[in-house]
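Here is a short report for a first look at this structure. Please keep the sequence and the 3D view open while you read.

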Amino acid sequence: MSLLDEARRRLKAGDVVAIPTETVYGLAADIQQDAGLKRVFSVKERPFFDPLIVHIDSIDKARALTTEWTEIHQALALKCWPGPLTLIAPKLPNMNPLITSGLTEVGLRCPRHPLTLELLKDFDGLAAPSANKFGKTSPTTAEHVRGEFGETVLVLDGGACDVGIESTVAAVVRAGGRWKVMVYRPGFYTAATLHDILENAGLPTETSYAESPVAPGQLEHHYMPPIPVLVGEKVDVHELLEASQKKLKKTFHAQARLDLGSDPALAARTFYQSLRDLTPGHDAIIVMLTAEQRKDENWRALMNRLYKAASFRA
Ligand code: TXA
Ligand code: MG
């Protein structure tokens, strides 16, 4: 039996399987299998208030799971799928409430990885959060997933993820009688890019970032490696060290330095891998930011993950 057949068999039997996507590896369950969905939460140690993203391999399958798919959803899906964009839409009433944590809307995404697209052909949808223990660093290789869950979870090895951070999560909401796009979680697609896509499709639409974490699961701390990440914004490295030692009541003896470079796409691709690589042999990871990294919209998604992974900022 091929690995793909084995993955299919396990999912249909109510087990979970780790799947590759272009963003991060997912821990998947068949949306029709209550046992599989429950297992996602138990294996991940994930709280039930945090909704799962449903992965599908076509726009038609996404539409089949929703009660309202606007022309805005359609235009964004046509341009960005398969790819790192999750679209929120009202869910079918009979969808398993575990998937959406009881919310009336569901997050849908068509991932861009040939193995996973092949697997998805046989399912109405696969619900998949990132394949890491809740709150920990997301996995971007099959090796990372094995390190997290050992032999208990079958991993479809699809190589290293090339986007490297989770998808943009965007909702289409009604505001003052008009549709508006709200980005709940920043990712590869910026609000400005989504705006341009809609404008080019003849659907000019106000597009902005949600100020407060309206999406459940958007906690202040997430993605944290085992050693503290210290982020320097307005201070030099000595001031950062001194202030962080005081605040965290620790003395650091072996700090690693993570240089994010000048290309946000490249920095995102290697970000989680770098946090893992720099952990052994060090007691803190220092990231000094430039003004551009802090302010430019193209860095926004990475700054979001960095700040959530950080124990101290100054
Ligand atoms: O790139 C990705 O999106 C990866 C890969 C595996 O596809 N998945 C991922 O899943 O990042 P996860 O569970 O780590 O993040 C899911 C987040 C939730 O925490 C929540 O913020 C948002 O997506 N979300 C999902 N469904 C939602 C809903 N119905 N309403 C609002 N936000 C939702
Ligand atoms: Mg996650």
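## Polar contacts to the ligand

How far does a polar side-chain atom of threonine 23 lie from an oxygen atom of ligand 1? The distance is 2.7 Å. This value, like every other one here, comes from a predicted model.

Two more side chains make such pairs. Arginine 46 places a polar side-chain atom 2.8 Å from an oxygen atom of ligand 1. For aspartate 50, a polar side-chain atom lies 2.6 Å from a ligand 1 oxygen. On its own, ligand 1 has 680 Å² of accessible area, and the protein covers 96% of that.

## The shell around the ligand

There are 27 residues around ligand 1. Thr23, Arg46, Asp50, His55 and Ser167 come nearest. Sorted by class, the shell holds 13 nonpolar, eight polar and six charged residues.

Three strands each supply at least two residues of this shell: E3 (53-55), E5 (105-109) and E9 (178-185). Strand E5 gives the largest share, with four residues.

## Valine 106 in strand E5

Strand E5 also contains valine 106. Is valine 106 buried or exposed? Its relative accessible area is 1%, so valine 106 counts as buried, the cut-off being under 20%.

Valine 106 touches residues well away from it in sequence. Leaving out residues up to four places away in sequence, its contacts are Val54, Leu65, Thr66, Leu87, Ile88, Ala89, Lys91, Met95, Ile99 and Thr100. Take lysine 91 from that list. Valine 106 and lysine 91 are 15 residues apart in sequence, yet their C-alpha atoms are 5.4 Å apart in space.

## Two nonpolar cores

The largest nonpolar core has 51 residues. Which of them touch the most other members? They are Val54, Trp69, Leu76, Trp81, Leu85, Leu108 and Leu194. Helix H4 (residues 71-80) provides the largest share of this core, five residues.

With residues up to four places away in sequence not counted, leucine 85 touches Leu76, Cys80, Leu108, Arg109, Ser167, Thr168, Ala170, Tyr189 and Leu194. One of these, Ser167, is also among the residues that come nearest to ligand 1.

Notes: Residues are numbered from 1 along each chain as its sequence is written. Chains are lettered from A and ligands numbered from 1 in the order in which they are written. This is a predicted model: local features need pLDDT of at least 70, side-chain atom pairs count only at pLDDT 80 or more; totals for chains, interfaces and linings use all residues. Side-chain values use heavy atoms; hydrogens and water are left out. A residue is near a molecule or strand if one of its heavy atoms lies within 4 Å of it. A polar contact is a pair of N or O atoms within 3.5 Å; within protein, one must be able to donate a hydrogen and the other to accept it, and residues adjacent in sequence count only if both atoms are side-chain atoms. Accessible areas come from the Shrake-Rupley method with a 1.4 Å probe; for residues, only the protein chains shown count as cover. Ala, Val, Leu, Ile, Met, Phe, Trp, Tyr, Cys and Pro count as nonpolar, Asp, Glu, Lys and Arg as charged, and the others, Gly among them, as polar. A nonpolar core is a set of buried Ala, Val, Leu, Ile, Met, Phe, Trp, Tyr and Cys residues joined through side-chain atoms within 4.5 Å. Buried means under 20% relative accessible area, exposed over 50%, partly exposed in between (1.4 Å probe, protein chains only). Contact means heavy atoms within 4.5 Å.
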